[in-house]
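Visitor: I have a chain to go through before group meeting. Can you take me through the structure?

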Amino acid sequence: MKTKLLLITTAFLAFSFQAFAQPVNDDFAGAIPITPNAEGTGCSNATDFYLPFDSDGTTDSGIQGSCRASGNDQFFTWTATSPGLFFTSRAPGNPGLVVWNSTGTVEITCTDTFSTEIIGGWNVGDDLVLQIYDFAGAASDVSFCLEESSTAPVPPAITFTATSSGTTGDYRLGAVDMNGDHLDDLVTISVDNVNIRQQTSGGFTTVNIPTSDANYLPNWSMAAADYNRDGYTDLLYGNGSGVTFMRSNSTGTAFTEVSGPEDVFSQRSNFIDINNDGHLDAFVCHDVAPNVYYINDGSGNLTFYQSTVTPGAPVNLGDYPSGGNYGSIWIDYDNDRDLDMFIAKCGGETARRTNQMHTNNGSGVYSENAAAIGLADPMQTWSAAWGDFDNDGDMDVFVGASSGSHKLMENTNGTFTDITVSSGVSALALTSTETVTFDFDNDGNLDLASGGNLLFGNGDMTFTVHTNIFPGAGAYGDLNNDGFIDAFNSGSVYTNNKETGHNWIKIYTTGTDSNINGIGARVEITTASGTQIRDVRSGDGFRYMNSLNTHFGIGSDTSINSIVVYWPSGNVDTVTNPPINTPIEIIEGDTLSLEGTLTDDLVIYPNPAKDVLNISTSTPFQDNTIYTIFDINGKRVMNAKLNQSTIDVSGLSTGNYILRIISGESIKSQKFIKQ
């Protein structure tokens, strides 16, 4: 027997209904064989089956964990003659249907509408058992059609092997480096302990770090980063009543518990440098009020702010008064080299669950513009996965439905088009609160993990769906340092069997002027097949904390032309011809200094300037050219796309500055004076 079931939604087939006499059977072991009914004419190109279902009038609780008889259930059996099967039903009276083989189930809940699935996962000759139950307690009949598929389900590109994780904490939430060696560890939390399964060259070793009791446990989410910059990772616990920080000491042997008095119904949490001063701040989605954040003073001390509530709050990020903020994620969607923030929203009222985009203008001012760019969807979602799914140089988004239907939105110059229908993601009927993206098969195309399901990217904004790869959502990272992404779910590690054998590179970003983890950096690699991009982030999906390392699959390419890192500070580092199939650490400022890009080919005038700089160069600027202005200390003070040959500098203080322009692979800088 196959060990997995494949459940994929497909186009609706026709439907017909008829009731006729057949004995009631509520015994799984004695399931009645079913055969086609010659009178059926309602299903096009399919075989009709009609099953009467006579309820006893009492409410049935349905199936709870195993197949068991009840007074309202009936069982029928069918023997597979092909590897796959189309199933179509319409079930008056609101009954449900469970499809069984020997190793698993797929539950299809029907109302007075069509329900159509492709179901597979068994071999020819295997028995398929249909269990019909009435959770509404109303007498009704069920009819359905079966159409055998001549094509066997395509197996996933890679598989995973489950082993015990050896973790002991109550909350198994993290796959992230904790001790500064860049190897992803397993992190689990208890009220008075941080349990770390530390990855080593030969496996894992257990480290238990006792803590004072956490005021708030990570019931809803956990984020991780080195916000006090001591070389060891700190933790944020998002709770339904407040937020706790576990701040590491300088040896990685202890944590200081820090909890504020504020009542915060936490959802997704992130570490991010909100004010771009080189120090990591924290952001927490609030479920029932405007969002909150914690600004770092540079010494690891955090000050609480709430959008539109705290007097003098430096930014407003998600200020809808009744909350509904669930899945925050920080990305550069408009390619202007600063971070924007998307919130996947969930709530009862339409306005409360309309997704938001908070666009950064380059000076730390955020404007909510989801409607203007096509992302203001009023859907039930807890998280969204952002990535360049077609490798065209900008971030697209898969908005994962927690109920209803998923959506895939394609980014074109900062505006979004719904391509769900053509992408194949509708084949995933199963919903989830947890959606992230990695290249699991290392073919150079980003894949999607939605709950326990994988959608393998084809590189052209289409996906192939495989369900039930893992038993639910989890945390992801390279848990054996072999260059392939693994999973950590509850008490198990799911090791990638790397059947593809594709090549890869893993990049560790270490900031100097920027935050130490390089969170917020844009990493770009170029091979013979093209260019791929990633944004370094802490806190994606909804609940879990994934690796802070930047992972790229490169398929059958045997070399990488270059790696470029665009740091939050504005620094740019380029590494040419790096080795493949190995990790590489890039330290900010090691390869290219700002002074090193000064050139006479960039002419700016007048200089000194009062209000406007005019720009001239011998090479025409490409699309998506970015300009950045630094003060005399090297701090970025302005950043935006260059859409014309002039820049308004009237808002700058009097002093000396450097203008840098990045156009394609060209980087040119020039000094100027602001009067």
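Guide: A term to begin with: two strands pair if DSSP finds at least two bridges between them. Helices (H or I, at least four residues) and strands (E, at least two) are DSSP runs, numbered from the N terminus. This is a predicted model, in which local features need pLDDT of at least 70 and side-chain atom pairs count only at pLDDT 80 or more, while totals for chains, interfaces and linings use all residues. Residues are numbered from 1 along each chain as its sequence is written, and side-chain values use heavy atoms, with hydrogens and water left out.

Visitor: OK. How many helices and strands does the chain have?

Guide: There are 2 helices and 52 strands.

Visitor: What does strand β39 pair with?

Guide: β39 (residues 503-510) pairs with β42 in the antiparallel sense, over 5 bridges. Opposite H551 of β42 stands K506.

Visitor: Which residues sit on which side?

Guide: T550, F552 and I554 are on one side, and H551, G553 and G555 are on the other. In a regular strand, side chains alternate between the two faces of the sheet.

Visitor: Switching topic. What is the strand order in the open sheet of 4 strands?

Guide: The order is β11-β38-β37-β36, with antiparallel pairing. Its edge strands, β11 (160-164) and β36 (475-477), each pair on one side only.

Visitor: How many bridges between β11 and β38?

Guide: 5 bridges, with β38 covering residues 492-496. One of the bridge partners in β38 is S492, which goes with S164.

Visitor: Now the inside. How many residues are in the largest nonpolar core?

Guide: It has 70 residues. A nonpolar core is a set of buried Ala, Val, Leu, Ile, Met, Phe, Trp, Tyr and Cys residues joined through side-chain atoms within 4.5 Å. Those with the most contacts inside it include L235, W330 and Y294. A second, separate core has 19 residues, among them A344, A384, M409 and F416.

Visitor: What is Y294 in contact with?

Guide: Contact means heavy atoms within 4.5 Å. Leaving aside neighbours within four places in sequence, the contacts of Y294 include V243, F245, V264, D281 and F304.

Visitor: What share of the chain is buried?

Guide: Buried residues make up 57% of the 675 residues.

Methods. Buried means under 20% relative accessible area, exposed over 50%, partly exposed in between (1.4 Å probe, protein chains only).
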